Amino acid sequence: MLALIEGEVVDKKHWLTHAELNEVFAIAESTPGPIAINTATFIGAKRLGIFGGIVATLGVVVPSFAIIVALSYIIDLVKDNKWVGFLFRGIRVGVLVLIAKAVLSFFKNMRKTIFSFALCITAFILVFLVKVDVIYVILGTIVLCSIIVAWQSYYRNHRLHMIGTPEYYNERVGKPLEEEEYVSDKAIENKLVVIKTKEEESV
Amino acid sequence: MIYLDLLWTFFKIGLFTIGGGQAMIPMIMTNVVNKGWMEYDALVDFIAISESTPGPFAINIATYSGMVAAQGAGGIGVIGAMCATLGVVLPSLIIIMLIVKIFTEFMKKRAVKEVFLGVGSTVTGLLASVWLSLFLTLIFGISIANYQVVGTFTPDWLSLILFAVVLPISFIKIKGKKFPPILIVVVSALLGLLVFGLCDHFGFAI
């Protein structure tokens with residue numbers, strides 16, 4: 001699907017450049033909702049505003065909608081056939097394989113930290129044994145992660161402030177920091193690298 | 001009102017689908033079956049169909065669930081399908097519009113990525129749970145409810161063997177590309193037809 005979008009949008013219609021499209025994919029992947037829909041809406045909205053977004057989404061939805069509606073009538077017709085029954089017993093095994101592969105691909109993309117594994121196992125137990133509604137589990141994860149990220153960034157800023165104090169720098173290089181230099185942590189990191197290389201040179 | 005119920009349920013599902021259509025499977029499984037809209041077996045069959053028809057997986061499955069649910073409740077199938085599809089699309093539509101207009105920079109923040117990585121770990125666990133439930137139900141005929149095993153233990157060895165055969169096949173790479181989902185469905189359907197059909201023909205109990 002994504003390769004098709006690339007061919008149409010970038011190569012044929014020249015609506016976006018490759019770099020822009022990659023950015024759109026990155027955002028579509030990390031927003032709620034199906035990736036294909038997100039991408040279509042994003043490109044439409046970028047080109048033509050709200051109306052464009054709605055039209056692009058309609059465009060991607062209507063074909064599948066029509067196919068599935070037609071298909072559901074066919075399924076109704078054939079579902080009591082003995083041979084179709086055998087076919088579907090095979091297909092169920094296929095679904096088992098499909099979901100197993102989905103688990104593997106999500107596991108591959110997972111960050112391998114103790115916290116991630118804890119989240120994963122907790123979610124498994126909550127849904128498999130306790131039968132908590134899946135939506136609450138995801139909502140809980142979002143809340144928990146937001147709290148942790150907020151706390152982390154507070155902690156980082158605090159530490160940054162301590163490293164960035166003029167006294168600290170006086171000790172290291174003998175001259176106070178310019179005010180702008182301890183605004184971002186990038187600046188501090190760069191400074192620290194400079195200090196390290198200077199120390200190495202002097203040795 | 002079945003239509004409003006469909007709209008709202010699929011709106012929630014669309015809102016919490018993070019990381020691609022397959023992240024929807026756990027939510028669909030629990031919501032659609034618990035509400036009595038579709039039987040477990042029919043839903044499992046339809047997951048395979050959604051994966052092997054053109055178009056986004058999320059749309060396919062929402063359309064079909066809406067159709068079946070509305071028909072089951074005595075309504076008009078197509079309207080139910082529209083409500084469910086609209087429900088699953090609306091969150092994306094609203095959120096993406098907001099991002100395009102206001103939050104393009106917000107989405108690039110490290111904090112947002114961290115939260116979504118966390119949700120990715122949770123979804124791994126959710127999918128694993130769905131897989132295990134499905135495995136137990138399909139192969140052994142049992143499930144877990146109220147911390148107890150429910151159902152009689154009726155192992156389906158043929159399906160288990162089929163699974164053991166199809167799983168390695170699905171890891172074959174074709175011209176350096178991943179084995180497409182539609183081929184997994186086709187291969188397992190044909191093998192199922194062959195194996196179960198032969199057993200039926202020669203009068204083995206299956």
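Predicted model: local features only at pLDDT ≥ 70, side-chain atom pairs only at ≥ 80, totals over all residues.
Start with the chain–chain contact: 86 residues of chain B touch 73 residues of chain A. On the chain B side, the elements giving two or more residues are α1 (2-15), α2 (25-34), α3 (40-52), α4 (57-72), α5 (77-107), α6 (110-140), α7 (157-169) and α8 (181-201). The largest share, 26 residues, comes from α6(B). Sorted by class, this side of chain B has 56 nonpolar, 25 polar and five charged residues.

One helix pair across the contact is worth a look. Helix α4 of chain A (residues 82-109) and α6(B) have axes that come within 9 Å and cross at roughly 160°. Angles over 145 degrees count as roughly antiparallel, so that is how α4(A) and α6(B) run relative to each other. The crossing of α4(A) past α6(B) is left-handed. Residues of α4(A) in this contact include Leu96(A), Ile99(A), Val103(A), Phe106(A) and Phe107(A), and those of α6(B) include Val123(B), Leu127(B), Trp131(B), Leu134(B) and Phe135(B). By class, the pair's contact has 15 nonpolar, three polar and one charged residues.

Within chain B, the domain assignment gives domain 1 (2-150) and domain 2 (157-201). Their C-alpha centres sit 25 Å apart, and the contact between them takes five residues from each domain. On the domain 1 side, α3(B) and α6(B) each supply at least two residues, with α3(B) giving the most, at three residues. That side has three nonpolar, one polar and one charged residues.

Methods
Residues numbered from 1 in each chain as written. Chains lettered and ligands numbered in written order. Contact = placed C-beta atoms within 7 Å. Helix = DSSP H or I, 4+ residues; strand = E, 2+ residues; numbered from the N terminus. Nonpolar A, V, L, I, M, F, W, Y, C, P; charged D, E, K, R; others polar. Axes fitted to C-alpha atoms, helices over the stretch in contact; angles between N-to-C directions. Parallel < 35°, antiparallel > 145°, perpendicular 65-115°, else oblique. Left-handed = near helix turned anticlockwise from the far one by under 90°. Domains from an automatic or database assignment.
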